[in-house]
Amino acid sequence: MRTVKFENISLPRLAFGSRRLPLNEDGTINVPMVEAMVDYAMEKGVNYFNTGYTFHRKKSEKIIASALSKYPRESYFLADSYPGYYGKEIREPEQIFEEQLEKCGVKYFDFYRLQNVYGRSFEAYSDLKLGIVDYFVEQRKKGRIKHLGFSTHGSPAIVEKFLDKFGSEMEFAQIEMNYACWALRQAEKKYELFTSRNLPIFIMEPMHGGKLSHLSPEDESVLKFCVPDRTPQEISFRWIESFKNVKMIISSMSSFNQLQQEVALFEKKDRLSSSEIKNVEKFASHLIKGISCDECGFCIENCPCSFDIPSIIDLYNDIKFSSLNKAVSAAIMLHDRFPGNNLHRCFHCGVCSLMCSRKIDIPKIIKEVSHMLEHYPELEDIMKLRNGSNEPDEDVAV
Ligand code: SF4
Ligand code: SF4
């Protein structure tokens, strides 16, 4: 397995994600299959295992740690996360952390992240009375966390605020990044932000929650035309690898076959040519089919409400692409970018559209997004409907 330097250690380029483990027909986790996959991963040098408190309704941590228990502790990296703050609930960091160590049967985590920095969780993370970040910094001092970082689906503006406060304590950032969400979910801005602050980047959802490996037959033939002789997986992984500051790619492993294919991809040293990269980006714009905004900002200048119209369009595109079937991500983005939904203040005067060289019907978009905000349930209600649990996912992709 190819490796990459992180501080004074070597990490595998491909990491084992446990967000979507293989399942039995009845929906339970196929534990013998997970064990076989962990063995194969270890044999091939994929020795970074990423789990999370909320994954698989809190079952992932125990199953992954148990599959690893026969290996010397120093032979693998175990990563876990603090489930942050969602809706009305703030979790006690000490209680969660002790529970995680006990469940995993370990004395320390190699990597630990504050889960999903976004509008709401930022308020909790930055509340000094709650002391969440201080608590985990203290655990690092005690050696119970080797490396501390965070993950985020939040906007670049929120992430920047978080870094202004806590950046000096953070050793890595974990974001969703693939060619589909590069522009669509502002991954590009976040990549640039982290790079400018010398923060190493770990990638989650390299296949956009599986969407990029399950393209429609029409889209797949367009992709084949754009980038011949490569599989959709290969294209996505190689595109991500073309970014210098990407250290590691965490892929959620759902089957033995997937693991074998991805290991084979990462064992080989290969890269996309510059013309292939350009074609991937052309394909991404074909795929997204969103409203094309140049982010010139002319529309904002005369808007009596000073709305951040390019951001609203960005969000609108994102939700349209997602078909709203990943409601949690969409809800997080909506609440993150427009807390309290002030979009209903729009006068529908149309001044913005008059200024727009692309003649985008901006008031119509504002109305639709505002409607979504009004009719979105709270996050915890969405999770109850979705999982029968109020545990939100971290590595959700739209
Ligand atoms: S229509 Fe709405 S968004 Fe556009 S300029 Fe008027 S108030 Fe602003
Ligand atoms: S004027 Fe049009 S193209 Fe420019 S930022 Fe506004 S919506 Fe986008």
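**Entry: ligand 1**

I began with the shell around ligand 1, sorted by class: 12 nonpolar residues, 2 polar ones and no charged ones. The model is a predicted one. I then looked up how many residues surround ligand 1, and found 14. Cys 303, Cys 346, Cys 349, Val 351 and Cys 352 are the closest.

Which helices supply at least two residues each to this shell? I noted helix 16, residues 351–355, and helix 17, residues 362–375. Helix 17 gives the most, with 3 residues.

**Entry: ligand 2**

I turned to ligand 2 next. I found 15 residues around ligand 2. Here the closest are Cys 293, Cys 296, Phe 298, Cys 299 and Cys 356.

I wrote down 11 nonpolar residues, 1 polar residue and 3 charged residues.

Where in the chain do the helices behind this shell lie? Helix 13 spans 298–301 and helix 14 spans 309–322, and each supplies at least two residues. I marked helix 14 as the source of the largest share, 3 residues.

**Entry: the chain**

Last, I stepped back to the chain. I listed 18 helices and 12 strands. The chain has 398 residues, and buried residues make up 42% of them.

I also looked up contacts between residues at least 6 apart in sequence. Of these contacts, 77% join residues at least 24 apart.

Methods: Residues numbered from 1 in each chain as written. Chains lettered and ligands numbered in written order. Predicted model: local features only at pLDDT ≥ 70, side-chain atom pairs only at ≥ 80, totals over all residues. Near = placed C-beta within 6 Å. Helix = DSSP H or I, 4+ residues; strand = E, 2+ residues; numbered from the N terminus. Nonpolar A, V, L, I, M, F, W, Y, C, P; charged D, E, K, R; others polar. Buried ≥ 20, exposed ≤ 12 C-beta atoms within 10 Å, placed from the backbone. Contact = placed C-beta atoms within 7 Å.
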